[in-house]
Amino acid sequence: MINTKRKFLEEPDLILALQERKKIGADALYEMYSGSLMGIVQRVIEDKEIAEDVLQEGLIKIWNGIQQYDPTKGRLFTWMVNVMRNLAIDKVRSKDYRNHSKNQDIENHVNSIDERRNSEYKPEHLGVKDLLQKLRPEQKVIVDMIYFQGFTHVEVSDELAIPLGTVKTRLRMGIIELRKYFK
Amino acid sequence: MNYVNILNKLENIKSYIESGILELYVLGDLNADERSEVEAMSKLHSEVRDELEQIEIDLGNIAESLQVMPSDNVREGFFNSIKFSDEEIINPIASKQEAKVVSITQKPTNFYKYAFAASLALLVVSIIALVNVNNSLNNTKQQIIALQSSNQNFANRVNYLNQEVTKTTSALDIYSNTDYKMVKLDGTDNAKGAKIMVAFNSKMQKVGLDMKSMNMPKNDSEHQYQLWALVDGKPVDLGVFDMDGNQIGFKEMKNIGQAQTFAVTLEPRGGSVNPTLEKLMVIGNI
């Protein structure tokens, strides 16, 4: 998966390059993370063009907002993922998107969770499919909704009528399972 | 702190970690209070810190396994929208487009600007050229006038010399012609030292005065000298002449066939019918 031709910087160097507005920072940011961030965005927004618009907007936001990133509170990539997810979720929930897209809006989406759990589970990417097959069904839906589709744990708890604590522990168990897969 | 307390504490940290709150923290799915709590726990307990780090690594791994390569126009759009501190030109395509826009909108403006400047320059050059041509035309005109004038002077001079030559030649002819008799008239008391040579050709009835050798007082504008011939004692008018000192050659007078004496009197301008003897100047016998 890792392209050897990519421009690669160690995280502290990348952060410095971004803070100093160096071109190599933008190059490395794009080469190292555009694919992963696109994957994140597209789990929330199925339409590729809209997802790419959001990705571009998110990259610009990361570039311009790098001063807001606090290295003491976590990795750069985690911060970038959250910028992207928030942007993607805002987009999905915007009136504009709901009018424009044939996709179900967030409420309908959540209401159809039960159906989705049984029959509409169609992860498009081999990686996701492989990943989620490692999980038990009750973990699978929660990891997918929270990690991949951007729902909050409160939304998931409401919609699936599962206590918040249970949502959190199932999410955790799922992540532990995936961690084994990566090791 | 006893063993049980330590165990309890470890148990508490373990259950805190396993509550799943750290995953939500990493995903940004917590409110401000919960976030502060996680950050405080992370500072206090390395187990929490390590687990947070691990969850972040998990997220990275998951995201990497989900990656989808975006199309190239995302890169283009991104690079066109940002500015670098270390490079002037962000993107060759962007600058190309910019150059295109410039060429469309500014070319006419530049064209007229240059055209106007060129016209102005041409006007200035033309005016300078015109002034120069006019000056040299005036110079040429003056030169032509000067040349014409000197040409006229030269012609006059040639004309004058021609007359001199003619007069001198005719004088020479007269002197060398044996038919002429040279009569010398000498000054009276009225004009002592005065002298006139008269050439007389009785055959041709011609009388001439040698103006060059003539030595007479200059006459004023109201008087003229008059030449008389005495024929058998009677004076005959042979014409008037002036003495201004610059004449040459022979001045031809009226014709006469014979005479005994020539005389010159000073008469009112135009001459008189009879000679004024009081004003007899020179006289000589043939």
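Over which residues of chain B does pLDDT stay under 50? That happens over residues 94–105, for which the model has two contacts beyond four places in sequence.

Residues are numbered from 1 along each chain as its sequence is written, while chains are lettered from A and ligands numbered from 1 in the order in which they are written.

A quick word on the score: pLDDT is the predictor's confidence in each residue, from 0 to 100. Chain B averages 86, and 91% of its residues score at least 70. Where pLDDT is low, the predicted coordinates should not be read in detail. For the complex, the predictor gives an ipTM of 0.80 and a pTM of 0.52.

## Where the chains meet

Chain A brings 44 residues to the contact and chain B brings 38 (two residues are in contact if their C-beta atoms, placed from the backbone, lie within 7 Å). On the chain B side, helix 2 (21–26), helix 4 (46–65) and helix 5 (72–81) each supply at least two residues. Helix 4 of chain B gives the largest share, 10 residues. Helices here are DSSP runs of H or I with at least four residues, strands are E runs of at least two, and both are numbered from the N terminus.

What kinds of residue make up the side of chain B that touches chain A? They divide into 17 nonpolar, 11 polar and 10 charged. Ala, Val, Leu, Ile, Met, Phe, Trp, Tyr, Cys and Pro count as nonpolar, Asp, Glu, Lys and Arg as charged, and the others, Gly among them, as polar.

## One helix, two partners

Helix 3 of chain A (residues 48–64) packs against helix 5 of chain B at about 30°, with the axes 9 Å apart. Axes are lines fitted to C-alpha atoms, for helices over the stretch in contact, and angles run from 0 to 180 degrees between N-to-C directions. These two helices are therefore roughly parallel to each other (angles under 35 degrees count as roughly parallel, over 145 as roughly antiparallel, 65 to 115 as roughly perpendicular and the rest as oblique). Among the residues making this contact are A:Leu55 and A:Leu59 from helix 3 of chain A, and B:Val74 and B:Phe78 from helix 5 of chain B.

Helix 3 of chain A also packs against helix 4 of chain A (residues 76–93), at about 135° and with the axes 9 Å apart. That pair is therefore oblique. The contact includes A:Val54 and A:Ile62 of helix 3 and A:Met84 and A:Leu87 of helix 4. By class, it has eight nonpolar, one polar and three charged residues.

## The sheet in chain B

Eight strands of chain B form an open sheet in the order 5-4-7-8-1-2-3-6, with antiparallel pairing (two strands pair if DSSP finds at least two bridges between them). Strand 5 (234–241) and strand 6 (250–252) are the edges, each pairing on one side only.

Take a look at strand 4 (residues 223–231) of chain B. Eight bridges link it to strand 7 (residues 261–268) in the antiparallel sense, with B:Leu227 opposite B:Val264 and B:Gln226 opposite B:Thr265. Six bridges join strand 4 to strand 5, again antiparallel, and B:Leu230 has B:Pro235 as its bridge partner there. Strands 4 and 5 form a hairpin with two residues between them, and B:Asp232 in the turn has a positive phi of about 55°.

Technical notes:
Predicted model: local features only at pLDDT ≥ 70, side-chain atom pairs only at ≥ 80, totals over all residues.
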